[in-house]
Amino acid sequence: INVKIMGKATNLSVTMPYLRNALINAPLASGGDYLQQWQGKRKDRPALIVAAGPSLNKQLPLLAQNQDLFTIIAVDTVWPILKTHGIVPDAILALDPESVPSWPRNAIDESTAFCVDIGCGSKLLWSNDQNHLLTCANLAVYKILKELGVEVSLLSTGGSVATSAFALAERLEANPIVFIGQDLALTGGKDHADGYLHPYDAG
């Protein structure tokens with residue numbers, strides 16, 4: 001495998017959509033370090049990073065009953081499931097450049113931070129008019145935006161919204177940090193928790 005060529009191809013396929021979206025989304029960025037307000041804000045408070053894996057099903061009743069004891073950081077696609085169970089996350093994170101919202105317009109609770117990578121799909125980012133916490137995981141896009149006078153906060157990622165959520169939990173100085181529904185497996189023959197909007201087809 002020619003790793004250098006593969007890396008360039010990956011960079012092009014990822015960076016260009018992110019940059020295109022970032023320029024569309026730039027008017028929502030008012031400047032400043034959006035994440036500074038989160039630095040140490042929930043120090044030594046447990047944080048739950050909630051994804052939509054099938055193991056989430058068994059955790060939902062306990063989570064709904066005890067949600068006030070934790071900082072709940074949810075990936076964007078898990079919102080409908082949490083909503084059904086009356087769980088209000090402290091933050092919703094989105095990263096994918098082709099993301100579409102899993103909620104009706106402006107349906108995210110007023111107390112929830114809408115932590116979105118500026119390179120996300122514009123349909124998702126413009127679906128909610130409040131509590132934007134704009135970040136950027138792509139260093140090249142971050143530098144281009146900075147040259148244009150658009151300031152967003154760098155938030156590291158491992159290429160997954162769950163790893164971005166972990167980076168946010170670290171900023172909060174949360175302790176411990178616990179992952180829920182991050183199965184990465186077909187648990188009990190299911191690909192996602194009940195109520196997930198985009199289950200896999202049989203193929």
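The model is predicted, so local features need pLDDT of at least 70 and side-chain atom pairs count only at pLDDT 80 or more, while totals for chains, interfaces and linings use all residues. Residues are numbered from 1 along each chain as its sequence is written, and side-chain values use heavy atoms, with hydrogens and water left out.

**The sheet and its helices**

- Seven strands make an open sheet with parallel pairing, in the order β6-β5-β4-β3-β2-β1-β7; helices (H or I, at least four residues) and strands (E, at least two) are DSSP runs, numbered from the N terminus.
- The edges belong to β6 (153-154) and β7, each with a single partner strand, so one side of each has no neighbour in the sheet.
- Strand β1 (residues 47-50) pairs with β7 in the parallel sense over four bridges, where pairing takes at least two DSSP bridges between two strands.
- In that pairing, L48 sits opposite V178 in β7.
- Helix α2 (residues 56-66) lies across β1, β2 (71-75) and β7, at about 140 degrees to β1; axes are lines fitted to C-alpha atoms, for helices over the stretch in contact, with angles from 0 to 180 degrees between N-to-C directions.
- Helix α6 lies across β1, β2, β3, β4, β6 and β7, running at about 135 degrees to β3.

**Aromatic pairs**

- Rings of Phe, Tyr and Trp (its six-membered ring) pair if their centres lie within 6.5 Å; planes under 30 degrees apart are stacked, over 60 edge-to-face, and the rest tilted.
- That rule gives three aromatic pairs.
- One of them, W79 with W103, is edge-to-face at 6.2 Å centre to centre and 75 degrees between the planes.
- This pair links distant parts of the chain, 24 residues apart: W79 is in helix α3 (residues 79-84) and W103 in the loop between β3 and β4.
- W79 is buried at 10% relative accessible area (buried means under 20%, exposed over 50%, partly exposed in between, with a 1.4 Å probe and protein chains only), and W103 is buried too, at 5%.
- F166 and F179 have ring centres 6.1 Å apart and planes at 20 degrees, so they count as stacked.
- Ring pairs also join W79, W103 and F114 into a cluster.

**Around S102**

- S102 is in the loop between β3 (91-94) and β4 (113-117), and is buried at 11% relative accessible area.
- A polar atom of the S102 side chain lies 2.8 Å from the backbone oxygen of D76.
- Beyond its neighbours within four places in sequence, S102 contacts (heavy atoms within 4.5 Å) D76, T77, W79, P80 and L197.

How values were computed:
A polar contact is a pair of N or O atoms within 3.5 Å; within protein, one must be able to donate a hydrogen and the other to accept it, and residues adjacent in sequence count only if both atoms are side-chain atoms.
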